[in-house]
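Colleague: I have a few questions about this model. Could you bring it up and take me through the packing?

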Amino acid sequence: MASETSDRTGTRDGNVGPTGPNARSSASTAAMTAVENAAELSFGAEFDGDVQILSNAQVAVILQMSAQNALVRDEELHDVYKKTQKYVERFNTMKNPEKEHQELVDELDNLQGALTTFRKETESGEEMELHGFEVAALMNLVQIDTMVEEAASLIPSLSRFPESAVDEILDLIRNTMIRIVSYGS
């Protein structure tokens, strides 16, 4: 009579799976990936709690200020730093070199605050608000001429809002972009 025994991986079929302290079973890996879905605003444990997600524009301002401080201290910037700065500058739609850093920070913080506190009540009386991911994605992706349909296709989770609410959100962003870009013109 053959007895069923587990091998070192805990399987009964004799297949050798990953072992060691960093090994993950395929079931746990699948469970972890199933948890993260931006369209459903479902993210991993890293995003639970009080997490502030920054937009490219906010990161660009932070990196610019940090780079200026490094120059004053005669410090050299690392390549990764420079590449990150180049990336966020490339995709930063809310910039104006004539504006002081603090003015940009204030405008971006005000926009993020307005989007974070944005509330809309549904027909059933449920209050809806933007997720931090949506706030940053909107700040990163929206252009002055972005339409509701385009915003909803870029950020599928926005489809839970009525079109009028998404248009109201886009107006908040457009107005801020116009203030930032038109400064000093």
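This is a predicted model: local features need pLDDT of at least 70, side-chain atom pairs count only at pLDDT 80 or more; totals for chains, interfaces and linings use all residues.

Colleague: What share of the contacts with a separation of 6 or more is between residues 24 or more positions apart?

Modeller: The protein has 185 residues, and 28% of them count as buried. Among contacts with a separation of 6 or more, the share from residues 24 or more positions apart is 61%.

Colleague: How are α2 and α3 oriented to each other: oblique, parallel or antiparallel?

Modeller: The axes of α2 (residues 56-72) and α3 (residues 79-91) come within 9 Å. They cross at roughly 135 degrees. Over 145 degrees would count as roughly antiparallel, and 65 to 115 as roughly perpendicular. The pair is therefore oblique.

Colleague: Is the crossing of α2 and α3 left-handed or right-handed, and how do the contact residues divide?

Modeller: α2 passes α3 in a left-handed crossing. α2 contributes N56, V59, A60, L63, Q64, S66 and A67, while α3 contributes Y81, T84, Q85, Y87, V88, E89 and F91. These contact residues divide into eight nonpolar, five polar and one charged.

Colleague: Which helices are included in what covers the buried residues of α2?

Modeller: The buried residues of α2 are N56, A57, Q58, A60, V61, L63, A67 and A70. Their cover includes α3, α4 (101-116) and α5 (132-141).

Colleague: And which elements do the buried residues of α5 pack against?

Modeller: In α5, the buried residues are E134, V135, A136, A137, L138 and M139. They pack against α2, α4, β2 and α7.

Colleague: How are α4 and α7 oriented: roughly parallel or roughly antiparallel?

Modeller: α4 packs with α7 (residues 163-182) at about 175 degrees, with the axes 10 Å apart. An angle over 145 counts as roughly antiparallel. So α4 and α7 are roughly antiparallel.

Colleague: Which residues make the contact of α4 with α7, and how do they divide?

Modeller: From α4 come L104, E107, L108, L111, A114 and L115. From α7 come I169, L172, I173, T176, R179 and I180. They divide into nine nonpolar, one polar and two charged.

Colleague: Is E127 buried or exposed?

Modeller: E127 lies in strand β2 (residues 127-129). Leaving out residues up to four places away in sequence, E127 touches R119, K120 and E121. Exposed means over 50% relative accessible area. At 55%, E127 is therefore exposed.

Colleague: Where does L41 lie, and what is its phi?

Modeller: Most residues other than glycine have a negative phi. L41 lies in the loop between α1 (26-35) and α2. Its phi is positive, near 55 degrees.

Technical notes
Residues are numbered from 1 along each chain as its sequence is written. Side-chain values use heavy atoms; hydrogens and water are left out. Axes are lines fitted to C-alpha atoms, for helices over the stretch in contact, and angles run from 0 to 180 degrees between N-to-C directions. Helices (H or I, at least four residues) and strands (E, at least two) are DSSP runs, numbered from the N terminus. Angles under 35 degrees count as roughly parallel, over 145 as roughly antiparallel, 65 to 115 as roughly perpendicular and the rest as oblique. A crossing is left-handed if the near helix is turned anticlockwise from the far one by less than a right angle, and right-handed if clockwise. Contact means heavy atoms within 4.5 Å. Ala, Val, Leu, Ile, Met, Phe, Trp, Tyr, Cys and Pro count as nonpolar, Asp, Glu, Lys and Arg as charged, and the others, Gly among them, as polar. Buried means under 20% relative accessible area, exposed over 50%, partly exposed in between (1.4 Å probe, protein chains only).
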